[in-house]
Amino acid sequence: MTQSSTGAATGGGAVASADSRQATQRMSREQTKALGIATLGGMLEFYEFIIFIYLTPIISQHFFPKDMPAWLAQVQTLGIFASGYLIRPVGGIVLASLGDVIGRKKMFAFTLILLAVPTVLIGCLPGYAAIGVCAPVLLLLCRMVQGLSIGGELPGALCFVSEHVPQQRLGLSCGILSASLALGSLLGSGSVAALTAVIGKAAMYDYGWRIPFVFGGLLGLASAQLRRYAHETPVFLQMRQRNELARQVPVKRLLARHRPELLLCMLVACMTAVVTSGLHQFPVAHFITTRGFDPAIVYRAQFLASLLLIAGDVTAGWLSDRAGVRTTFTVGALALVAGVFWLYHGVTPATLPLRFAVVGFLSGIVTLSFVLLIRSFPAQVRYTGIAASYNLAAAVIGGTTPLFLALLVQRDEGWAAWYPAAFCIVAVLAAARLWRYRQPIDPFASSPQGASSSHS
């Protein structure tokens, strides 16, 4: 063979190798379908969250006695809502353990059905005037079933998507999935506002409040039907074929072999929980109640923040696929810290919308916490590890953040910025430590014999 032909062969091999790598980075039709199906469940989860909060004043009047003070009925309704969050870790761990044993696909469809059915039922329940004390009891049961399902829904979607899409597109895929959560919130608030405008407040109180629940539940059931046509993840199929599924209860194996990763992932997930409740919920009440800003201006600013959050989620995921997860997460989290202090320092009604929008965009960096959780657990306990760390952080920290912030800012308003900033810094430190435990998403990709999975 001549030198030129050798060079041509070498160059041809390099081109072929580059073409091969580029092909693996593209998402196939099946992978795109898996991502699309997962986003529908994420949208429903936050859609249901928002409509319950927005309709709490009406729900409280339907499910409690007429002679009960309005504030007490509303508090009890919010207590029923909170019960769903408190039970999330239980549902997440139980459903995720099953997902690590019997398959991602089966639990992926089941969790959405478990969320959709009680959502429809809430829209059909008779009120206190019809069945007395059974009304709030049934509402509580429906909410707790929703909580069980929510505990497994997002972790299941993260596990399902990560084991389908190319590793080079993991960040973008998580960004799109995370953006669907914010889109669900916008759809929830928008549907309630639009329906009220169309049918009027009287009709909304009488029967209209039921429509968003029934609509959302039916949408969830349709999405669950679509999930039946999705394929099981290649990683799980390989584990089952090679008889490498967890041979003990996944949560037991998780606690026995992966406690450092679990703790560090919880610290990272706490940032997500605090940003969600501390930067997208608490400031609305704070600027209206404490600062005395016009509610219309605050709500408009919050809407902008939600729109920019969608863009921020996708942008953060896209950047992480190019600059790396650690670098993007560290820079993005520190930028968010600066943005949080800017949000509260010297803000006026005129500057509030811009500051909300910037912080909303920067908070999209929390989508990379999902990537960190995915990469921290071996395939045999990945679903359980994500569910345990994410749901414990959401229940313990996310659920208490609005209360703690409300109490802290009474002493010093600076806590409104210091509290979420502290969790961001802790998350950066935990992520740096967590990187040493990173696991391959597909432990069988580098070796046909699966030798690369032995360390997991």
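Where does Ser 376 lie? Select Ser 376: it lies in the loop between helix H19 (367-375) and helix H20 (382-398). Helices here are DSSP runs of H or I with at least four residues, strands are runs of E with at least two, and both are numbered from the N terminus.

Before going on, some ground rules. This is a predicted model, with residues numbered from 1 along each chain as its sequence is written. Local features need pLDDT of at least 70 and side-chain atom pairs pLDDT 80 or more, while totals for chains, interfaces and linings use all residues; side-chain values use heavy atoms, without hydrogens and water.

**Stop 1: Ser 376**

Stay on Ser 376. At 2% relative accessibility, Ser 376 is buried. Buried means under 20% relative accessible area, exposed means over 50%, and partly exposed lies in between (1.4 Å probe, protein chains only). Show its side chain, which reaches the backbone oxygen of Leu 372 at 2.5 Å. Now display the contacts of Ser 376, leaving aside neighbours within four places in sequence: Glu 261, Cys 265, Leu 434, Tyr 437 and Gln 439. Contact means heavy atoms within 4.5 Å.

**Stop 2: a charge over a ring**

Arg 436 lies over the face of Tyr 437, at 5.5 Å from the ring centre. The criterion is NZ of Lys or CZ of Arg within 6 Å of the ring centre and within 35 degrees of the ring normal. Then select Arg 227 and Phe 108. The charged end of Arg 227 sits over the Phe 108 ring, 3.6 Å from its centre.

**Stop 3: aromatic pairs**

Colour Phe, Tyr and Trp. The structure holds 11 aromatic pairs. Rings (for Trp, the six-membered one) pair if their centres lie within 6.5 Å; planes under 30 degrees apart are stacked, over 60 edge-to-face, and the rest tilted.

Zoom to Phe 287 and Tyr 344. Their ring centres are 5.6 Å apart and their planes are at 10°, so the pair is stacked. Phe 287 lies in helix H15 (residues 282-290) and Tyr 344 in helix H17 (residues 325-344), so the pair ties together parts 57 residues apart in sequence. Phe 287 is buried at 0% relative accessible area, and Tyr 344 is buried at 8%.

Next, Tyr 419 and Phe 423. This pair is tilted: 5.2 Å centre to centre, with 55° between the planes. Both sit in helix H22 (residues 415-434), four residues apart, about one helical turn. Tyr 419 is buried at 12% relative accessibility.

Finish with Phe 52, Phe 63, Trp 209 and Phe 213, which form one aromatic cluster.

**Stop 4: helix H4**

Select residues 70-86, helix H4. At 1.5 Å a residue, its 17 residues should span 24 Å, and the end C-alpha atoms are 24 Å apart, which agrees. The expected span is 1.5 Å times one less than the number of residues.

Which residues of H4 are buried? Pick Ala 73, Thr 77, Ile 80, Phe 81, Ser 83 and Gly 84. Look down the axis of H4: these buried residues fall within an arc of 145°, so they line one face. The arc is taken from the directions from the helix axis to the C-beta atoms. On the other side of H4, Trp 71 and Leu 86 are exposed. Cover for the buried residues includes helix H2 (29-54), helix H3 (56-63), helix H5 (88-102) and helix H8 (134-162).

**Stop 5: Leu 195**

Last, select Leu 195 in helix H9 (residues 170-199). Leu 195 is buried at 16% relative accessible area. Beyond residues up to four places away in sequence, Leu 195 touches Gly 200, Met 204, Gly 208, Ile 211 and Pro 212.

How values were computed. A polar contact is a pair of N or O atoms within 3.5 Å; within protein, one must be able to donate a hydrogen and the other to accept it, and residues adjacent in sequence count only if both atoms are side-chain atoms.
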